[in-house]
Amino acid sequence: MAARTQDLPPKGGYAPINFTRIPARSYFSGYQLFAGYAVVTAFAGYVYFRTYRQIRNEEIEMRSGQMAIQPMLIAERDREFLKQMRRNRVEEEKLMSGVEGWEVGKFYSEPIYKTLPDNKFMDPIVQEFFAHGPSSAFSRKVLLPLTS
């Protein structure tokens with residue numbers, strides 16, 4: 001078995017620890033940094049305002065297009081609404097053809113809205129509008145915001 005020896009410093013001691021401050025090399029002076037900042041900011045401002053003008057012009061064009069097409073889209077939506085109401089009336093007429101005394105648009109010969117004149121149109125409730133279509137159409141159109 002070998003004799004145990006104590007771990008000692010090397011002969012002559014350890015080398016001295018260098019703890020003096022080594023300053024960082026400066027690449028730019030303060031004036032150069034401010035000048036560089038001013039140049040970069042001026043260029044960025046130029047690019048920003050040039051781009052902003054182009055984006056603003058495109059937004060005006062899109063808004064003008066939307067306003068131009070809006071009446072046609074509303075008319076098309078109303079036209080499709082009235083076509084669906086007509087399909088609902090035809091379907092009701094087919095379904096209730098075997099029931100005596102049934103008049104289309106009335107509930108057992110009684111008007112649904114008794115206080116309204118005959119030439120006044122009342123928008124139906126959503127379920128009545130989709131009554132004669134597939135249930136998936138109701139789910140797609142009405143429950144769309146509720147589904148993820």
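**Spacing of Arg79 and Glu76**

About how many helical turns separate Arg79 and Glu76 in helix H1 (residues 30-95)? They are separated by about one helical turn, because they stand three residues apart in helix H1; helices here are DSSP runs (H or I, at least four residues), numbered from the N terminus. The side chains of Arg79 and Glu76 meet in a salt bridge, with N to O at 3.1 Å, where a salt bridge is a side-chain nitrogen of Lys or Arg within 4 Å of a carboxyl oxygen of Asp or Glu. Arg79 is partly exposed at a relative accessible area of 45%, and Glu76 is also partly exposed, at 43%, a class that falls between buried (under 20% relative accessible area) and exposed (over 50%), computed with a 1.4 Å probe on protein chains only.

**Basis of the values**

The model is predicted, so local features need pLDDT of at least 70 and side-chain atom pairs count only at pLDDT 80 or more, whereas totals for chains, interfaces and linings use all residues. Residues are numbered from 1 along each chain as its sequence is written, and side-chain values use heavy atoms, with hydrogens and water left out.

By the salt-bridge rule, the count comes to five. Glu80 forms a salt bridge with Lys83 at 3.8 Å, N to O, and another with Arg87, whose closest N and O atoms are 2.8 Å apart, and in this way Glu80, Lys83 and Arg87 are linked in a network. Lys83 and Glu80 both lie in helix H1, three residues apart, about one turn of the helix.

Glu80 is partly exposed at 36% relative accessibility, as are Lys83 at 35% and Arg87 at 40%.

Technical notes. Helices (H or I, at least four residues) and strands (E, at least two) are DSSP runs, numbered from the N terminus.
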